[in-house]
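Take a walk through this fold with the structure open beside you.

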Amino acid sequence: MLVGDPHSVTEDFNSELLGFERFRMATQSGKVLVYGGKGALGTSVVNYFKSRNWWVVSVDLFPNEEAHANVIITKTDVWTEQESEVGSKVEEALKEEKFDAILCVAGGWAGGNAASKAFVKNSDMMWKQSVWSSVIASGLASKHLKEGGLLQLTGAKASLDGGTPGMMGYGMAKAAVHQLVKSLSMEGNGLPANTTALAICPVTLDTPNNRKWMKDADFSTWTSMDYVSELLFNWSSGVERPPAGSLVQLVTQDNQTNLNIA
């Protein structure tokens, strides 16, 4: 037979659980949010940071079981609704703490030119995957990033090289991300003091899906996800971090990756 108020027991349990979660967060080496944490690159990044004793939040359409906390996106049709949903769920998970880094590795690829039947459809999808996520991540950084923290977005080398006639929606979305990074590096950007906002601009990442659809490609020119994960970890830790506004091209030849800053 239970003695006492069951509501009090529940409240005590929830209080203890909250206290344990705050203790666990406090004992981690750092705190990072990975936007797109269930994708191929995002999964690699989540695993890498977790293995280095960082507290990791994944933001995605699906949960990443390896993350310490998950923010699941259900609002996919209206940009402002997605912003509100992600913002409130991040605040709930973060519990008034601050992130050392916010990494936006969400994105995707779609081809097509102005005559393609799916031109507008694909352009809309690219905008949602790359621009929506980058803008929301930037807004989160303005509220939840530590001073001197890192905000990383994901662009593309192809959009730095000129036009992208065979993948117009993709090129347009990535060019918008590049412009956003430049704006976030200027005075009056709304970010915490001494924040470094930059973008990685890969050519092709070595993901299972890319290997599936491009079986005859030269994989020695593809950039490994392990390399990118280690790179982002080092930057998040303040090691060899490029200056704010950098568009860092990841150029791989013979399985060796060089960084070229635009």
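Which helices and strands each supply at least two residues of the lining of the largest pocket? They are α2, β2, α4, α5 and α6 (208–213). Before going on, note that this is a predicted model: local features need pLDDT of at least 70, side-chain atom pairs count only at pLDDT 80 or more, and totals for chains, interfaces and linings use all residues. Residues are numbered from 1 along each chain as its sequence is written, and side-chain values use heavy atoms, with hydrogens and water left out.

The largest pocket has a volume of about 1,200 Å³. It is lined by 39 residues, and the closest to its centre are Ala 106, Gly 107, Gly 108, Trp 109 and Gln 129. Helix α4 gives the largest share of the lining, 4 residues. A pocket here is found on a 1 Å grid over the protein atoms alone, as an open set of points where a 1.4 Å probe fits, with protein on both sides within 12 Å along at least five of seven lines; lining residues have an atom within 4 Å of a point. Grid points are joined across faces, edges and corners, and a volume is the space filled by probe spheres set on the points.

Now step back to the whole chain. Its secondary structure comes to 7 helices and 10 strands. Both are DSSP runs, numbered from the N terminus: helices are H or I with at least four residues, strands are E with at least two. Of the 262 residues, 45% count as buried. Buried means under 20% relative accessible area, exposed means over 50%, and partly exposed lies in between (1.4 Å probe, protein chains only). Among contacts with a separation of 6 or more, 65% join residues 24 or more positions apart. Contact means heavy atoms within 4.5 Å.

Next, the sheet. It is open and has 8 strands with mixed pairing, in the order β3-β2-β1-β4-β5-β6-β9-β10. Strands β3 (69–72) and β10 (256–261) stand at the edges with a single partner strand each, so one side of each has no neighbour in the sheet. The twist averages 20° from one strand to the next. Two strands pair if DSSP finds at least two bridges between them.

Strands β5 and β6 run parallel and are joined by 5 bridges. Leu 151 stands opposite Ala 197 of β6. Strand β6 (residues 196–202) then pairs with β9 in the parallel sense over 4 bridges. Here Ala 199 has Leu 247 as its bridge partner in β9, and Ile 200 stands opposite Val 248 in β9.

How many residues of β6 are buried? The count is 7 of 7. In a regular strand the side chains alternate between the two faces of the sheet. Both faces of β6 are covered: Thr 196, Leu 198, Ile 200 and Pro 202 are buried on one side, and Ala 197, Ala 199 and Cys 201 on the other. Strand β9 is also mostly covered, with 5 of its 7 residues buried.

Strand β9 (residues 247–253) pairs with β10 in the antiparallel sense over 6 bridges. Val 248 stands opposite Ile 261 in β10, and Thr 252 stands opposite Thr 257 in β10. The hairpin of β9 and β10 has 2 residues between the strands, and Asp 254 takes a positive phi near 50° in this hairpin.

Helices lie across the sheet. Helix α4 (residues 119–144) lies across β1, β4 and β5 (145–154), running at about 175° to β5. Axes are lines fitted to C-alpha atoms, for helices over the stretch in contact, and angles run from 0 to 180 degrees between N-to-C directions.

Gly 169 lies in α5 (residues 168–184) and counts as buried because its relative accessibility is 6%. Leaving aside neighbours within four places in sequence, Gly 169 is in contact with Ser 123 and Met 126.

Ser 44 lies in α2 (residues 40–51) and, at 14% relative accessibility, counts as buried. Its side chain joins that of Ser 229 through a polar contact of 2.7 Å. A polar contact is a pair of N or O atoms within 3.5 Å; within protein, one must be able to donate a hydrogen and the other to accept it, and residues adjacent in sequence count only if both atoms are side-chain atoms.

Lys 143, in α4, counts as exposed at 51% relative accessibility.
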